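I set out to look up each topic in turn.

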Amino acid sequence: MRTEIWRIMKIAFLNLVHTDPEIVGRVAEKLTGDPDFDMYIHVDAKSDIAPFKSRLQNNSQVFFTQQREKVYWGGYHAIDATYVLLRTALASKRHYDYFVVLQNLDYPIKSNTYIKQFFTEHAGTEFIRGCYIAGTKDWLYAKKYRLYYRKDSEFLQTHKTGILKRLRDLWLGICSVATIGCDGIIHESDRNYPIYYGTAQWAVTRACAEYLDTFEKTHPKFNAKMKIMQFPDEEYFHTAVHNSEFKTHCSAYDEQPQRWLVNWRNLHYFEFPKSVTTFEEKDFDRLMGREELFIRKVRTGVSEGLLDKIDAATE
């Protein structure tokens, strides 16, 4: 009976990508080895989609989104791209039970059977932890909403030196005068939304995915505030979910923030001493002892030995 339950658990993996078609192809081929696992891929509009499509041209369980956003690091267009993926998968006749957000250089460290069993045994759980940062005195978190950020402008992203940089910084500073008094609460027409913070990789049930779909269409003030925040993909979905009826369905809730990846991982294992660690073959034994389903991050030219060992261990 349990085997039959596992078989009908359908999962859509939503992958935001911009680089390394080989890694993207490898993770897609691995996950779609299960007939109930599909992958939806959004390729950054600034990147050439051809190598990604070429790598996966024969895989009928991989779907590339027709709509593509120009995604800049730390910008709101990452939210737009995630919604493109989510809505494309929601519209599928496959009727997925879970939607799992991945980012380009992620890789599973568990077998497909284990992953399906995991979601079956935790059916109804939302894997989107969110730490309450409204009104925080920790500037690391307060600056996310008290300063003005606009990362979706090519001008703001590319001019990093000289007079144009100084003009850019001056403009952002002037704009921050209007946001510096923000207490971390977004005042919408239906209610107030204290801001929550978490990681950009998460997984939600179909009911929660449908709620998020409607939420974006009906909360313009919320969207406007998120567009000028720092790294909104680390706050948007978490704030929406943790101010909803789905809050108590989350794997953890009512958490206070702790620095350095302590208490906001969902299903991914990261290491972040100064930047996100790229894992290598020497990390295999340590990683395989982790309880998470995925790791971040791996790269072509660095991680092949590790990935070969992971694949052999999770066949």
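I searched the model, which is predicted, and found zero disulfides. I then looked up Cys-182, which is in no disulfide; its nearest cysteine sulfur belongs to Cys-175 and is 15 Å away. Cys-182 counts as buried because its relative accessibility is 18%, and the cut-off for buried is under 20%.

I recorded 27 aromatic pairs in the structure. One of them joins Tyr-98 and Phe-127 in a tilted arrangement, with 6.4 Å from centre to centre and 45° between the planes. This pair links distant parts of the chain, 29 residues apart: Tyr-98 is in strand E4, and Phe-127 is in the loop between helix H5 and strand E6. I found both Tyr-98 and Phe-127 buried.

I then examined Phe-215 and Phe-222. Their ring centres are 4.8 Å apart and their planes stand at 90°, so the pair is edge-to-face. Phe-215 is buried at 1% relative accessibility, and Phe-222 is buried at 0%. Ring pairs also place Phe-215 and Phe-222 in a cluster whose members include Tyr-76, Trp-202 and Phe-246.

I saw that the charged end of Lys-46 sits over the ring of Tyr-72, 4.5 Å from the ring centre. Lys-110 lies over the face of Tyr-114, at 5.2 Å from the centre of that ring.

Terms used: Residues numbered from 1 in each chain as written. Predicted model: local features only at pLDDT ≥ 70, side-chain atom pairs only at ≥ 80, totals over all residues. Heavy atoms only, no water. Disulfide = S-S within 2.5 Å. Buried < 20%, exposed > 50% of the residue type's maximum accessible area, 1.4 Å probe, protein only. Phe/Tyr/Trp six-rings, centres within 6.5 Å; stacked < 30°, edge-to-face > 60°. Helix = DSSP H or I, 4+ residues; strand = E, 2+ residues; numbered from the N terminus. Lys NZ or Arg CZ within 6 Å of the ring centre and 35° of its normal.
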